[in-house]
Amino acid sequence: MAFINKIIKNPVTQQEIKFLQTARDTNGQLLEMEARYLAHSKEPAAHYHPFQEEEFTVLSGQLSIRFNEEVIILKPGDTLQVPKNKVHSMWNDSDGETVMNWKVRPALQTEYFLETVVGLAADGKTNKAGMPGLLQVALMANQFSREFRLIKPPLLIQKIIFAILSPIASLAGFKPTYKKYID
């Protein structure tokens, strides 16, 4: 469970997240984090948040943000608002560390999603890009559909595939979240 000053580290994407305010602290209205990216961190899969807005403020270094095919570079003091349903990804493509303040409104279950993804990466259960396997993704996509959606394949195809794969994933012992990651 996320709590103030808890730090989680993703060894694959080279990202560290420190929780500043959690859903519990803000009555679900806000999840605020400080994120650190090492130099030349990996770009995550393009995604969007159907019910949430994000705000990124760079504290040090520079942050690359992809909006569809355009890449925007934020420098210290720059803030970017990402409206719901806007496709994006963010990473550090520079030679130095980047630190940013990251706000998500409303919080929903985002902290559980982040803790699960980071826990899977730390346990070696993701690929080199930080993505879990298809059976794991199927369960997480269903659990966190309000917080996070991939852009490929199209949503209707994802829903059909994940509906078919979810029972198989459950029978194989996969879960949408794991107690050891979110405790």
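Student: Which residue lies over the face of Phe51?
Tutor: This is a predicted model, where local features need pLDDT of at least 70, side-chain atom pairs count only at pLDDT 80 or more, and totals for chains, interfaces and linings use all residues. Residues are numbered from 1 along each chain as its sequence is written, and side-chain values use heavy atoms, with hydrogens and water left out. A charge sits over a ring if NZ of Lys or CZ of Arg is within 6 Å of the ring centre and within 35 degrees of the ring normal. At 5.7 Å from the ring centre of Phe51, the residue over its face is Arg146.

Student: How many aromatic pairs does the structure hold?
Tutor: Rings of Phe, Tyr and Trp (its six-membered ring) pair if their centres lie within 6.5 Å. Planes under 30 degrees apart count as stacked, over 60 as edge-to-face and the rest as tilted. The number of aromatic pairs in the structure is 4.

Student: Why is the pair of Phe56 and Trp102 tilted?
Tutor: The ring centres of Phe56 and Trp102 are 6.2 Å apart. Their planes stand at 55 degrees, so the pair is tilted.

Student: Which strands hold Phe56 and Trp102?
Tutor: The pair links distant parts of the chain, 46 residues apart. Strands (E, at least two residues) and helices (H or I, at least four) are DSSP runs, numbered from the N terminus. Phe56 is in strand E5 (residues 53–60) and Trp102 in strand E10 (residues 98–105).

Student: Are Phe56 and Trp102 buried or exposed?
Tutor: Buried means under 20% relative accessible area, exposed over 50%, partly exposed in between (1.4 Å probe, protein chains only). Phe56 and Trp102 are both buried.

Student: What is the bridge partner of Ser64 in E9?
Tutor: Two strands pair if DSSP finds at least two bridges between them. Strand E6 (residues 63–67) pairs with E9 in the antiparallel sense over 4 bridges. In E9, the partner of Ser64 is Trp91.

Student: Which backbone oxygen lies 2.7 Å from a polar atom of the side chain of Thr26?
Tutor: Thr26 is in the loop between strand E2 (15–21) and strand E3 (31–37). Thr26 has a relative accessible area of 14%, so it is buried. The backbone oxygen at 2.7 Å from its side chain belongs to Leu30.

Student: Is Lys152 buried or exposed?
Tutor: Lys152 is in the loop between strand E11 (149–150) and helix H3 (155–171). With 66% relative accessibility, Lys152 counts as exposed.

Definitions and conventions. A polar contact is a pair of N or O atoms within 3.5 Å; within protein, one must be able to donate a hydrogen and the other to accept it, and residues adjacent in sequence count only if both atoms are side-chain atoms.
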